[in-house]
Amino acid sequence: MKGLPLKARKTRKEDGFSFRVYCVRLLVILLLAGISVQSVRAEIEEARVMEVAKGLACLCGDCPNRPLDECRCGFAGQQREKIAKGLEAGMTKDQVIAGFVTDFGERIFVTPPAEGFNLLAWFMPVFGILIGGYAVKTVLRGWSRDAVRSAPAAESKLSQVDRDKLDSVLRERDT
Amino acid sequence: MALHELGHFFLYMALVLAVYTLVASSISGKTRRLDMTVSSERAGQAIFVMIAIAFLVLEYLFLNDRFEVYYVAKASSRDLHTGYKMTAVWSSMEGSLLLWSLVLSTYTFFAIRKMRRMRSPMASYATAVLAANQVFFLSVVLFLENPFLLISDVENVAVGFVPPDGQGMNPLLVHPAMAIHPPILYSGFVGFVVPFSFAIGALISKHVDAEWIRTTRRWTLVPWFLLAVGQLLGGKWAYVVLGWGGYWGWDPVENAALLPWLIATAFVHSVMIQEKKGMLRVWNMVLILMTYTLCVFATFLTRSGVVSSVHTFAQSPIGPWFLNYVIVLAGTSALLLYLRYDMLKSETHYDSPISREGGFLLNNLLFLGAMFAVLWGTMFPIISEAVTGSKITVGPPFFNTVMIPLGLVLMLLTGVGPLLAWRKTSTASLKRHFTLPGIVGLVVSVTLIVLGMRDVYAIISFGLCAFVTSTIFSEYHRGALARGSSSGEPYLQALWTLFGRNQRRYGGYIVHFGFVLIFIGFTGNAFNLQTEVSLLKGESFELGGYRVEYEGYSQSHNALTDVIEAQLGVFVGDERLGTLLPEQHIYYKRPDQQRTTEVAIRSTLREDLYILYEGQNQQNQAFFTAYVNPLVMWVWIGCWVMTLGMIVVIWPDKPVEHRRHQVSRPTKRAEEATA
């Protein structure tokens, strides 16, 4: 084959249809497709497991309540396997989670569920800052009133340009 | 007298002296009798000597393997390295409380020496408060967690029984960071007792003018800084020892240390308003009283077992004592504030919310909001259990959701705040100061988006870090130019002189820059990668552009542990970058055969390749967990930069005459501008 001209080689390929070669090629293609499908399916499965795991906490006692999808301890690994088995068995995400709640109670959730009393966990920090913001606003308003009352004539001695200059010099000196 | 009896003796002496100091300094504050003042000062300083001797006795007992002492047998062993025998003293409850007392007495010693110059009623009452704190801690040490008890005092064994060896220190604590983390953290916690005492002293003596603020400034900055460094060291320890790939897990004990630090940070900012404008006098009192109360509350959380944590000490009866102590501190503070409220009212000099005052108020709001969010999240499992009967987990995602937006706003304020003028900032001034930094921040954010970054928080965070960095550098530049034009100094010399002229301001900028770097490190968390693999010799895995090949393992044996060390070749493409050697240590002498992991980390400015060796099976298949953690090194670099900034801030001021000479020209210019 080495000595044959290129054209001749091509002709020989076209002429000599080899069923065996065709089958091997087909087999390889199917195998690759199968592996690829398997791998994609595994990735999808893992993504589904991790989606459930990220909302649940590792309760081994040695990890600081990390989500099950991040924690690498033995307990977390077992729980991820449990999720995978549940999903493989055809359970929905909610059914798997409900199983965990039955086993461990509500503390299995890595964050407080946003319902009932636990809503307070989420609302209180926002509420606290809003209250604080209102307090700051009140204080500033009070300061403005006091400043006007105590020093009405202190204004307007300097032009804005001069005040800016003065500010920059004072900033040089203060902290 | 046996050595452990000597330890007892000196602790009792310290307690007697503390009680005497409390009584004598209270009388001195009331009557102004000089003999009482001097006597209480001497007694207060002698407490330090007594506790220091007791502490040295305990160190001696540890170094000489005196296992007849229960605490030594519990926390040490013959084969522990000498250095770790010394640090084992504070590795468990009894010794750590003694260390707490020692740190408290050290602060008391130096505070009294400082106050001797004043000899005011405020100083006397402050000494009384320091002594009262010492009475509490010494009582806890002596009556609840005594490190000098013999085994026969605690367990049902014959008098004179000496075990052949101790149980040994918890292997997780055998690490250099853990050796220095507790003393530094305690120095932060305990240090706030001094400003607390000054504040209470000022309230009792009715001297609530500027004196106590002036006196306490450095006494606040030092513990604030030590608490920050203590927490970062704790993070470093968690990162390299606990092996979960991170340095901060929003664990209740970590949160407990963060609470007083957040309030103290609000204080170190808002105290400037009081110093410069005489405003916020009540508020600053509230903040500093709250800071120390939260320090004690944090100790209660850590040592009572009320919250479950990976860091808590063993169960102990001291919880109720600390809770009562917190109630006493909070109650006394509230009562005194109520009684002196009228005296604390201040004059107001204020024009606009767009001013330094407005910036500080917003800063305080955010720090207090952050403190409340952390406190609420930490305590919610207990609250929820009390109300609904079912315990709830509040894990890291909760804190990240709440704290990341707050952190970003605080970062913005770090850039904006220092450039605002007192009373009112004009629009022209805002434009002049923020146009360039704003553009820099925006350019960085847009560039990151163009380069493919899609994490919104990370984009905002990097943009803000660039914004703050450029405000800091433009301030140095502007300061050096102004200095150069007024004094004729060359640019670099003018830049250097700035630090001498206004250490607090320019040192403060360095501290801010340190926090920017730490924030950059935190932001890297958004891009962490991790994988778990099992490999046979010669096999490899890929993560974040690295190829890691398992090249085999070796075993060794020493007096404490069996060590299994895996050898991993690290490659990028075909280039070999080096070898990582993660280890597993098996403490074969311990009854539980405890295993610890020694993480192998390849650190660069860009990222850490962090590999944990989990062991191997009988088919010689080795198990690894690997992480690529971007930008972690910037957290530690930021810590060093912050340290440098704090050294500049607390460096002793130059003599007044010299300073007066130096500031004469700008002052003159200010006068001219005013005219």
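Visitor: Let's start with Val241(B). Leaving aside its neighbours within four places in sequence, which residues is Val241(B) in contact with?

Guide: Two residues count as in contact if their C-beta atoms, placed from the backbone, lie within 7 Å. Once neighbours within four places in sequence are set aside, Val241(B) is in contact with Leu172(B) and His175(B). Keep in mind that this is a predicted model, where local features need pLDDT of at least 70, side-chain atom pairs count only at pLDDT 80 or more, and totals for chains, interfaces and linings use all residues. As for the labels, residues are numbered from 1 along each chain as its sequence is written, while chains are lettered from A and ligands numbered from 1 in the order in which they are written.

Visitor: Where is Val241(B) placed, and why does it count as partly exposed?

Guide: Helices (H or I, at least four residues) and strands (E, at least two) are DSSP runs, numbered from the N terminus. Val241(B) sits in helix α10 of chain B, residues 211-242. For burial, we count other C-beta atoms within 10 Å of a residue's own, with C-beta atoms placed from the backbone: 20 or more is buried, 12 or fewer is exposed, and in between is partly exposed. Val241(B) has 19 such neighbours inside 10 Å, so it counts as partly exposed.

Visitor: What separates the C-alpha atoms of Val241(B) and Val49(B)?

Guide: The gap between those C-alpha atoms is 36 Å, and the two residues are 192 apart along the chain.

Visitor: Now a loop residue. Is Pro582(B) buried or exposed?

Guide: Pro582(B) is buried, because 25 other C-beta atoms lie within 10 Å. You'll find it in the loop between β5 (575-580) and β6 (583-586) of chain B. Beyond its neighbours within four places in sequence, its contacts include Ala566(B), Thr597(B), Val599(B), Ile611(B) and Tyr613(B). From Gly521(B), 61 residues apart along the chain, it is separated by 24 Å between C-alpha atoms.

Visitor: What should I look for in phi?

Guide: Most residues other than glycine have a negative phi. Here, Lys206(B) has a phi near 65°, a positive value in a residue other than glycine. Lys206(B) is in the loop between α9 (193-205) and α10 of chain B, and it counts as exposed because it has 12 C-beta neighbours inside 10 Å. Asn620(B) also has a positive phi, near 60°. Its place is the loop between β9 (607-616) and β10 (622-630) of chain B, and with 12 C-beta neighbours inside 10 Å, Asn620(B) counts as exposed.

Visitor: How are two packed helices described?

Guide: By the angle between their axes and the distance between the axes. Axes are lines fitted to C-alpha atoms, for helices over the stretch in contact, and angles run from 0 to 180 degrees between N-to-C directions. Take α18 (residues 456-487) and α19 (residues 491-501) of chain B: their axes come within 8 Å and cross at roughly 110°. That makes α18(B) roughly perpendicular to α19(B). The cut-offs are under 35 degrees for roughly parallel, over 145 for roughly antiparallel, 65 to 115 for roughly perpendicular, and oblique for the rest.

Visitor: Which residues of α18(B) and α19(B) make the contact?

Guide: Among them are Tyr476(B), Ala480(B) and Arg483(B) of α18(B), along with Tyr491(B) and Leu498(B) of α19(B).

Visitor: At what angle do the axes of α18(B) and α20 of chain B cross?

Guide: They cross at roughly 160° and come within 10 Å, with α20 covering residues 503-523. The two helices are therefore roughly antiparallel to each other. On the α18(B) side, the contact residues include Phe462(B), Val468(B) and Ile472(B), and on the α20(B) side they include Phe513(B), Val516(B) and Phe519(B).

Visitor: And the chains as a whole? How many helices and strands are there in chain B?

Guide: Chain B has 22 helices and 10 strands. Its C-alpha atoms fill a box of roughly 85 × 70 × 55 Å along the principal axes, and buried residues make up 51% of its 675 residues. Among contacts between residues at least 6 apart in sequence, 71% join residues at least 24 apart.

Visitor: What is there in chain A?

Guide: Chain A has six helices and zero strands. Buried residues make up 21% of its 175 residues. Among its contacts between residues at least 6 apart in sequence, 40% join residues at least 24 apart.
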